[in-house]
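Subject: Structure handover

Hello,

Here is the structure you are taking over. My notes on what was found in it follow below.

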Amino acid sequence: MKYTILGAGIAGLTTAIALQKIGIKAQVFEAAPDIKPLGAGLLLAANAVKAYQHLGIAEKMVERGRLLPTFEILDQAGSTITRADAGAISQKYGLHNFAIHRAALHEALLTELDAEQIITGKRAMGFEKNEDTITIQFQDGATIATDYLIVADGIHSSVRRQLLPDATPRYAGYTCWRAVVDAGDLKLSAASETWGTDGRFGIVPLTDNRIYWFACINAAANDATMRRYTVEDLQRHFGHYHAPVAQILAQTRDEDLIWNDIIDLKPLKNFAFGNIVLIGDAAHATTPNMGQGACQAIEDAVILADEMAKNSNPAVAFRAFEQRRLKRTHYIVNNSRALGRVAQLNNPVLAAARNALFRMLPERVNERQMRTLFEVDF
Ligand SMILES: Cc1cc2nc3c(=O)[nH]c(=O)nc-3n(C[C@H](O)[C@H](O)[C@H](O)COP(=O)(O)OP(=O)(O)OC[C@H]3O[C@@H](n4cnc5c(N)ncnc54)[C@H](O)[C@@H]3O)c2cc1C
């Protein structure tokens, strides 16, 4: 029986590891010519740690990242709007939220797999379903046949495009810059997000005295002015926010900036299509407002392997996986999108009302949300 995974991102690599643990060696095809250390920081919530614990590799991940017991939302003057303290829940579940450089996470995942399991420079362009097998066509003209196809090629998935041509990514209304910079003499222990009327600014301490920051501004999709934004433009935009926003921007070089519009995928009705299954962003890409996109991709890997261990027919396992994942991933996509709208309010009156309301919310509301995220059933 031949199993193929498309995409060597977080979903594809974690799934290859999870399948290996149940005795299935899948071949991974990745479009990029090399797997290079790319990207910025990632917040991985305790549910992702729980999934990695399940695979026996949580320590490896956590030791490359930085534990973050608290997360604060601030106004642009620096006053607290809400503060989520994961301490009590961490004690209860023995789990923590942590921040990691995306490259460090990839590197840790790759150490679990044989190099020959991953074939790079293979961009899938489409597929053909034959009687029992699937033929995948690659950009370089090559084709391969497989019995089962696990599609983990991200939000712009080529296979999903063919299966569901109407499921196109949708713009969230704001555009985003990210960078990882040297922290210099800044000593930060908590992650924070600042909700100001000129946009949102997030700060996340990483290991090795580095900081991951992100900034979101409301804009038209693919806005040419935003595309040209430099650090100087961002300084003009966010320079009046509380310390250390200006200092962090001053540590940033133009070439450190990663820019993209924030997009997600309207919840799909199906992830399983016979001997094909969609996972990760290909199935349920979400806006990053809850820091759950990669976490859900990691959960997918564990649950898919669990169902494949339980069911001798992989197509039945794919369907069972879909049943276990639809509701939870829909919850994340919908809530994350709604949270983004609230966080990006730029009308001063509405923003002040929002801040006042959030300040009144009892602690248990935050706790309830964290519990929903943490209490995932593997
Ligand atoms: C600004 C921003 C901040 C984020 N922050 C967080 C966070 O803090 N916490 C969190 O949990 N999530 C976060 N996310 C979400 C997270 O990045 C994604 O959910 C996660 O990367 C999804 O992993 P994936 O493997 O499904 O897809 P991807 O990471 O997109 O990987 C897909 C892989 O498939 C390859 N590929 C693409 N097309 C093809 C093809 N045709 N053939 C073969 N290979 C192909 C790609 O090269 C890539 O390697 C953030 C996202 C953004 C945009």
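Two strands pair if DSSP finds at least two bridges between them. Strands (E, at least two residues) and helices (H or I, at least four) are DSSP runs, numbered from the N terminus. This is a predicted model: local features need pLDDT of at least 70 and side-chain atom pairs count only at pLDDT 80 or more, while totals for chains, interfaces and linings use all residues. Residues are numbered from 1 along each chain as its sequence is written.

Sheets and strands

An antiparallel pair is made by E18 and strand E19 (residues 276-278), over 2 bridges. Within that pair, Phe273 stands opposite Ile276 in E19. Both strands belong to an open sheet of 6 strands with mixed pairing, in the order E8-E2-E1-E12-E19-E18. Its edge strands are strand E8 (118-119) and strand E18 (272-273), and each pairs on one side only.

A second open sheet has 3 strands in the order E3-E7-E4, with antiparallel pairing. E3 and strand E4 (66-67) each have a single partner strand and stand at the edges, so one side of each is left without a neighbour in the sheet. E4 runs antiparallel to strand E7 (residues 98-101), and 2 bridges join them. Arg66 has Ala99 of E7 as its bridge partner. Helix H5 (residues 102-110) packs on this sheet and touches E3 and E7; the direction of H5 makes about 85° with that of E7. For such values, axes are lines fitted to C-alpha atoms, for helices over the stretch in contact, and angles run from 0 to 180 degrees between N-to-C directions. Residues are in contact if their C-beta atoms, placed from the backbone, lie within 7 Å.

Strand E16 (residues 210-218) has antiparallel partners too. E13 is joined to E16 by 9 bridges, and strand E15 (residues 199-205) is joined to E16 by 6 bridges. Tyr212 in E16 stands opposite Val180, and Tyr212 is also the bridge partner of Val204. The hairpin of E15 and E16 has 4 residues between the strands, and Asp208 there takes a positive phi near 55°.

Helix packing

Helix H11 (residues 293-310) packs against helix H12 (residues 314-343) at an angle of about 150°, with their axes 8 Å apart. That makes H11 roughly antiparallel to H12 (angles over 145 degrees count as roughly antiparallel, under 35 as roughly parallel, 65 to 115 as roughly perpendicular and the rest as oblique). From H11, the contact includes Ile303 and Leu304, and from H12 it includes Phe321 and Arg324. By class, the residues of this contact are 8 nonpolar, 2 polar and 4 charged (Ala, Val, Leu, Ile, Met, Phe, Trp, Tyr, Cys and Pro count as nonpolar, Asp, Glu, Lys and Arg as charged, and the others, Gly among them, as polar).

H11 also packs with H1, at an angle of about 25° and with the axes 8 Å apart. H1 and H11 are therefore roughly parallel to each other, and their crossing is right-handed. Among the residues that meet are Ala11 and Ala18 in H1 and Ala301 and Ala305 in H11. This contact divides into 12 nonpolar, 2 polar and 2 charged residues.

H1 and H5 pack at an angle of about 25° as well, with their axes 10 Å apart. That makes H1 roughly parallel to H5, and H1 passes H5 in a left-handed crossing. Here Ile10, Leu13, Thr14 and Ile17 in H1 meet Leu105, Leu109 and Leu110 in H5. The contact of H1 with H5 has 6 nonpolar residues, 1 polar residue and no charged residues.

Around the ligand

Which residues come nearest to the ligand? Of the 32 residues around it, they are Gly7, Gly9, Gly154, Gly280 and Gly293. A residue is near a molecule or strand if its C-beta atom, placed from the backbone, lies within 6 Å of it. Helix H1 (10-21), strand E3 (41-44), strand E13 (170-182) and H11 each supply at least two residues of the shell. The largest share, 4 residues, comes from H11. By class, the shell has 18 nonpolar, 9 polar and 5 charged residues.

Regards

Conventions
Contact = placed C-beta atoms within 7 Å. Left-handed = near helix turned anticlockwise from the far one by under 90°.
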